[in-house]
Amino acid sequence: MSEDMECMCQQCGVSIYIPADSISLEDPANTEVKILSSLHVCEQCGGQLVLVGKAGDEPYYRFE
Ligand SMILES: [Zn+2]
């Protein structure tokens, strides 16, 4: 069973939920800003997505 992760568009700020096992990060070594690879882009504007955390979890500034 897969959890959904919350991702946010850097351009328009919309939240998108993506199953955790289908997420891949642009730069896994960057632990501060988790940018998703270009496999996933904003459905609204095509902008780059940033991983915020687990769906329904606390905002990213408390995410570890
Ligand atoms: Zn967008």
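Setting aside neighbours within four places in sequence, D4 is in contact with Y17, I18, P19, A20 and A55, a contact being a pair of C-beta atoms, placed from the backbone, that lie within 7 Å. The model here is a predicted one, so local features need pLDDT of at least 70 and side-chain atom pairs count only at pLDDT 80 or more, while totals for chains, interfaces and linings use all residues. Numbering starts from 1 along each chain as its sequence is written.

D4 sits in strand β1. With 15 C-beta neighbours inside 10 Å, D4 comes out as partly exposed; that label covers whatever falls between buried (20 or more other C-beta atoms within 10 Å of the residue's own) and exposed (12 or fewer), with C-beta atoms placed from the backbone. As for S22, 18 residues away along the chain, its C-alpha atom is 9.5 Å from that of D4.

Zooming out, the protein has three strands and zero helices, and from the N terminus the order is simply β-β-β. Both kinds of element are DSSP runs numbered from the N terminus: E over at least two residues for strands, H or I over at least four for helices.

Buried residues account for 11% of the 64 residues. The largest nonpolar core is made of five residues, M5, C7, L36, L49 and L51, where a core means buried Ala, Val, Leu, Ile, Met, Phe, Trp, Tyr and Cys residues joined through C-beta atoms within 7 Å. β1 (4-9) and β3 (49-54) each put at least two residues into this core. Neighbours within four places aside, L51 touches M5, C7, I23, K34 and L36 by the contact criterion.

Technical notes
Two residues are in contact if their C-beta atoms, placed from the backbone, lie within 7 Å.
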